[in-house]
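Morning, everyone. Please bring up the sequence and the model, and keep both open while I talk.

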Amino acid sequence: MCGFVASCVCSLAEDNSDIHGHVIGKTQRHLEAKKKANGFENGISGVENGVNAHANGVNGHSNGTNGTNGTSNHIPISNGHKLNGHFDGFFDGYFRGHIKGYLNGQTGQTGQLTDDTLGDEWTDVVKPTTNGDALQTLKAINGAKEAAGTAAREALAKQIQAGVDAIKHRGPDGSGVWISPDARVGLGHCRLSINDLSPSGAQPLHSDDGHIHAVVNGEIYDFDRLRQVCIDEHGYRFTGSSDSELVIALYKIHGAPAFLEHLRGEYAFVLYDELAKKVIAGRDRFGIKPLVWTVLGNRVIFSAEAKAFLPLGWKPEWNVRGITDSGWMMDDRTVFKGVRKLMPGHWMEVTEERGVEIHKYWDAEYPDKTKPDPRSIEEMVAGVRERLVESIRLRLRADVPVGIYLSGGIDSSAVAGIVTDLARKQHVKIGSEQATRVACFSVRFPRESGYDESDIADRTAEFLGVKIHKIDVDEQRMADDFSDAAYHCEHHHFDLNTVAKFALSTLPREHGIKVVLTGEGSDEHFSGYPYFPAEFLRARDGGMPDSILSQDSALREELQQSASAEMNAVWRSQGAAEYEGASDSPLLADAVGNTMPESLLAWHPANSLFQGWVQDQYQGRWDMRDTVMAGHSDEVRAKMRDRWHPAHTAMYMWNKSTLINVILSCLGDRTEMAHSIEARTPFLDHHLAEYVNSLPPSTKLNYMPPTDAAGEDKVDNFWWKSAGKALRQISEKWILREAARPYITDELYNRRKLPFLAPARWPADGPLHNMFKKLLTREAVENLGFVDYDVVEQALGNAFGENAQSTAFRILAYTGGWVTLSQRFGVKKATVTENGWL
C-alpha cells in the first residue's frame with residue numbers, strides 16, 4: 001500500500017483536456033501525434049541550427065583559402081577560418097542548440113536546463129582561440145553533456161520527491177525515487193509497510209535482471225502461491241517478500257496484457273520496461289485503488305492523487321463540462337481540466353512510437369436473461385459462501401495487525417463473523433496476530449438523529465465476542481473535518497457521510513491497526529440498493545422460470561410500478577430530486593426503459609446552481625443521460641438491449657459510475673488513506689464477483705410476500721418510512737443472507753438495508769451552519785467562476801433549523817467541496833473563454 005508519482009517523456013502525448021466521450025470498454029485510445037514546440041522538438045531545432053551554422057562555416061572555410069593552411073587543413077581555426085567560420089557555427093549550433101535542446105526534450109525539463117543549472121562543466125566550455133584549445137573544447141563539450149544529464153536527473157528527482165511528499169499521508173513509513181539514466185522516466189513512491197516490513201520491501205522495485213522498474217499501490221492476494229510458481233516454474237529471483245514485487249515478476253514472465261490475468265486484489269501501478277522503452281500503467285478491476293494521469297508539456301504524469309501534480313508544474317483548472325454533465329462520475333474525466341482517471345479493468349501503454357494507448361483487460365459479464373440456470377439453490381448458496389470465506393481468508397494475510405470496520409449491516413457483520421470463525425476454528429492468523437478477538441471500529445452518530453446504528457454493532461460484537469471501538473461523529477466533528485475531507489477526496493459530494501468516514505479512519509491508528517476489512521462492494525453485487533427492485537421487476541427472470549414472479553407477469557408488473565414510485569419517494573425524503581432533463585436522448589433506447597440513468601443523476605446538482613454562461617453552453621439540451629449511456633461501448637449497450645436482465649444492466653451502470661467514483665473514492669480509499677489506513681474489500685474479489693454475477697437476479701432479489709397482516713414488514717427508520725409494500729416485499733441480498741447465516745445474528749439476517757448516510761438536518765447557527773457561512777462567502781463562491789452565488793445564498797438560509805430543506809443542504813455540501821478545492825489547490829477561476837466548449 002502506498003502512494004506514487006510517475007513521469008515519462010512521450011513526444012506524441014497531447015493535452016487531453018478537450019477530449020470528451022471516453023467509452024468504458026473501448027479497447028484502445030491512440031492520442032494524435034502532436035509534437036510540442038518545446039523539449040524534444042527544440043532539440044531537433046538545435047541540430048538543424050547546427051547544420052545551418054556548419055554551412056556558414058563552409059563559407060568561412062572557403063574564405064580561408066587565402067589564409068595559412070586554409071585550403072588543406074580542416075582543423076586549424078586561425079586566419080581564414082576564424083571563429084565566425086566552421087567551428088564557430090558548429091559550436092553555437094551543435095552544442096548550444098543540439099545538446100541543450102536535445103536534453104530538454106529528452107527529459108521534458110523545458111526551461112530547467114540553463115547555463116546556471118548545468119554547473120561548472122558547462123561554464124568551462126568556451127570557444128577556442130588557438131589550435132591547441134580545440135581538443136580540450138571537444139572534451140569539455142562531452143563533459144557538459146554528461147553534466148546536463150546529471151542536472152536533468154537531479155531536477156526530475158527533486159520534482160518527483162516533492163510530488164511524493166504531497167501525498168505522504170498515503171505512505172508515512174518511507175519514500176524512494178528512481179530516475180532512468182536518460183532522465184526520460186521517473187518513479188517515486190511513499191510506503192505504507194504492510195507486507196515485508198524490511199528494507200527489501202521498499203519501492204521503487206526492480207526486476208531480477210535490472211531492466212524493469214515499477215511503483216505499486218495496493219495489495220496482491222494469493223501472493224505466496226504465485227511467488228512460488230514464479231520461482232519453481234520460471235526461475236525468477238525475488239529481492240524480498242513483498243507482494244508488490246509480483247507485478248514485475250509476472251510482467252517479465254508473461255508480458256502485457258497477459259500478466260494482468262494473474263493479479264488478484266486491489267492495485268494501481270506504473271511500470272517501465274527499459275529494454276522495450278515503454279511504460280505500462282494498470283488499475284484493478286473495480287477501481288479500488290485510484291490512478292489519475294495528465295500531460296504536462298511532453299510528459300505523461302501519473303499519481304494516486306492529483307495534488308501530487310502540483311510540484312511538477314501542474315496549474316489546476318476546473319473541468320466545468322465534466323462537473324456539469326456529470327462526466328466526472330460517469331466516465332474517465334475528473335473535476336480538473338486535463339486530469340483523467342485510468343478506468344478500472346484498463347491498462348495504458350506509453351511509447352515514443354505510438355503515443356498513449358488505453359486497453360481494456362477485464363469487464364463484468366452477466367448471463368443471458370432467457371436461459372434457465374441449471375444449478376440448485378443449495379449449490380448457489382454454497383458457491384457464494386465458499387468464495388466469500390476464501391476471499392476473506394486471503395485478505396487476512398499481512399505482517400501487521402488487521403481490524404474490521406463494523407456497521408449495523410449484514411455486509412461488515414458477515415465479514416466479522418467469518419473472520420472470527422476462521423480464527424477460532426481454523427486458527428487463521430488475523431494479520432500478524434494469532435488472536436481470536438478481532439478489533440472492530442464503528443461510527444456513532446447522535447442518537448436523536450435517527451441515523452445511528454451503533455447499538456446494532458454492539459449486539460453483533462457481543463454475539464461474536466469481538467472488541468469494538470467507536471468514534472462519536474457529532475455536528476462539531478463534521479464541521480471541523482469537512483474541509484480536510486474534501487481536500488483529500490478531490491471532488492464534491494452530496495452528503496457528509498464522507499466526513500464521517502474520514503473521522504472513522506483516525507480510529508484504527510490509535511489502536512495500532514494499519515489494515516481494516518470493510519463491506520464495500522456487497523450492495524453492488526448482491527443488489528442491496530433500493531434502485532434495483534424496480535429494475536428486477538421490469539422483466540421476467542428466465543434464469544429461474546419457476547419462480548413466482550416469472551410465472552405471474554401481472555403481479556410482477558403491478559409490483560414494478562409501485563416499487564418505482566416508492567423508490568422515488570425514498571430518495572426525495574433525503575433531498576434528491578427527480579431528473580429534470582429532456583426525455584428524447586437517442587441513446588436511452590439501449591436502456592430499454594431502465595431508469596438507472598435517472599437514478600444515477602438523482603444526486604447531481606440541479607442545473608439552476610450553475611451560472612448562466614454554463615447553461616448557455618448546452619444550448620437548450622442538458623440531458624445528462626447522454627453522458628451515462630455514452631460511457632458504455634456499443635458492445636455493452638447491445639448486451640443491455642438484448643441479453644442482460646434489467647437488474648443486471650442497472651448493476652453494471654452503477655458499478656461503472658457510483659461504485660468507482662463515490663463508494664470506493666470519498667467513502668473508500670481517499671478518506672482511509674488520508675490517515676494511512678489500508679482498507680481491504682472481500683466482496684470485490686473478482687473470483688467472488690464473477691460467480692455472483694453469473695447467478696440469476698432472483699437469487700439476489702427475492703419476492704417474499706407476508707404470510708398475513710401480522711407478518712408484514714414493520715421497519716420504520718429514516719430510510720424505510722417512505723417505502724411502501726412493493727419494496728418491503730422484495731428481500732435484497734437474499735443469497736448473501738443465506739450464505740452468511742451461520743456467521744451472523746438472527747437480527748441481522750432479518751434486517752433491511754440501511755444506507756450509510758449522515759444526518760442532514762441540523763440547527764440554525766450551529767457548528768455546521770456557521771462553518772458553511774464562513775466558507776461560502778460571495779467572494780469565495782464567485783471565484784469558482786461557474787456557480788451562481790444567489791442560489792448558494794438562498795440555500796444558506798434554508799438548509800438549517802426546524803424547517804430545514806434537505807435539497808438546500810445538498811447544495812451547500814457540493815459548493816463547499818468546490819470552494820475548499822479552489823482554495824487549497826489554487827484552482828484558476830473558470831470563464832466561458834477558457835472553460836466553455838462551444
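One caution at the start. This is a predicted model.

Overall picture, then. The protein has 838 residues, and 63% of them count as buried. Secondary structure comes to 34 helices and 19 strands. The accessible surface is about 30,700 Å². Carbon and sulfur atoms hold 48% of that surface.

Now the cavities. How many of 30 Å³ or more turn up in a search of the whole structure? The search finds 12. I will talk about the second largest cavity. Its space is about 270 Å³. Lining this cavity are 24 residues. Nearest its centre lie Lys-341, His-491, Asn-661, Ser-665 and Arg-670.

Which elements give two or more residues to that lining? They are helix H24, residues 658-663, and helix H25, residues 665-673. H25 gives the most, with three residues. By class, the lining has 12 nonpolar residues, seven charged and five polar. Domain 1 covers 149-360, and domain 2 covers 379-521 + 663-695. Each of these two domains supplies at least three residues to the lining.

Stay on H25 for a moment. Glu-672 sits in this helix. Is Glu-672 buried or exposed? It counts as buried, because its relative accessibility is 4% and the cut-off for buried is under 20%. Now its contacts, leaving out residues up to four places away in sequence. Glu-672 touches Tyr-405, Lys-501, Ser-505 and Thr-518, and also Leu-667, Ile-677 and Ala-679.

Next stop, His-648. This residue is in helix H23, residues 646-655. His-648 is buried, at a relative accessible area of 1%. Which residues does His-648 touch, not counting those up to four places away in sequence? The list is Tyr-366, Pro-367, Asn-693, Leu-695, Pro-697 and Lys-700.

On to backbone geometry. Some background for this part: most peptide bonds are trans, and most residues other than glycine have a negative phi.

Bonds to begin with. The peptide bond from Gln-203 to Pro-204 is cis, and its omega is near 5°. Where is Pro-204? It is in the loop between strand S3, residues 185-191, and strand S4, residues 205-206. The bond from Ala-256 to Pro-257 is cis as well, with omega near 10°. Pro-257 is in the loop between helix H6, residues 245-254, and strand S6, residues 265-273.

Now phi. Ser-527 is not a glycine, yet its phi is positive, about 60°. This serine is in the loop between helix H15, residues 522-526, and helix H16, residues 532-536. Its relative accessible area is 1%, so Ser-527 is buried.

Asp-765 also has a positive phi, near 60°, and is a residue other than glycine. Its place is the loop between helix H29, residues 746-750, and helix H30, residues 767-775. Why does Asp-765 count as exposed? Because its relative accessible area is 52%, and exposed means over 50%.

Ala-764 is partly exposed, with a relative accessible area of 42%. Leaving out residues up to four places away in sequence, Ala-764 touches His-769, Phe-800 and Gly-801. Now look at Ala-764 with Phe-800. They are 36 residues apart along the chain, and 4.8 Å separates their C-alpha atoms.

Go to the second largest cavity, where H25 gives the most to the lining. Go to the cis bond from Gln-203 to Pro-204, and the cis bond from Ala-256 to Pro-257. Then look at the positive phi of Ser-527 and of Asp-765. Thanks. I will stop there.

Note on methods. Residues are numbered from 1 along each chain as its sequence is written. This is a predicted model: local features need pLDDT of at least 70, side-chain atom pairs count only at pLDDT 80 or more; totals for chains, interfaces and linings use all residues. Side-chain values use heavy atoms; hydrogens and water are left out. On a 1 Å grid over the protein atoms alone, a cavity is a set of points where a 1.4 Å probe fits but cannot get out, and a pocket is an open set with protein on both sides within 12 Å along at least five of seven lines; lining residues have an atom within 4 Å of a point. Grid points are joined across faces, edges and corners, and a volume is the space filled by probe spheres set on the points. Helices (H or I, at least four residues) and strands (E, at least two) are DSSP runs, numbered from the N terminus. Ala, Val, Leu, Ile, Met, Phe, Trp, Tyr, Cys and Pro count as nonpolar, Asp, Glu, Lys and Arg as charged, and the others, Gly among them, as polar. Domain bounds come from an automatic or database domain assignment. Buried means under 20% relative accessible area, exposed over 50%, partly exposed in between (1.4 Å probe, protein chains only). Accessible areas come from the Shrake-Rupley method with a 1.4 Å probe; for residues, only the protein chains shown count as cover. Contact means heavy atoms within 4.5 Å.
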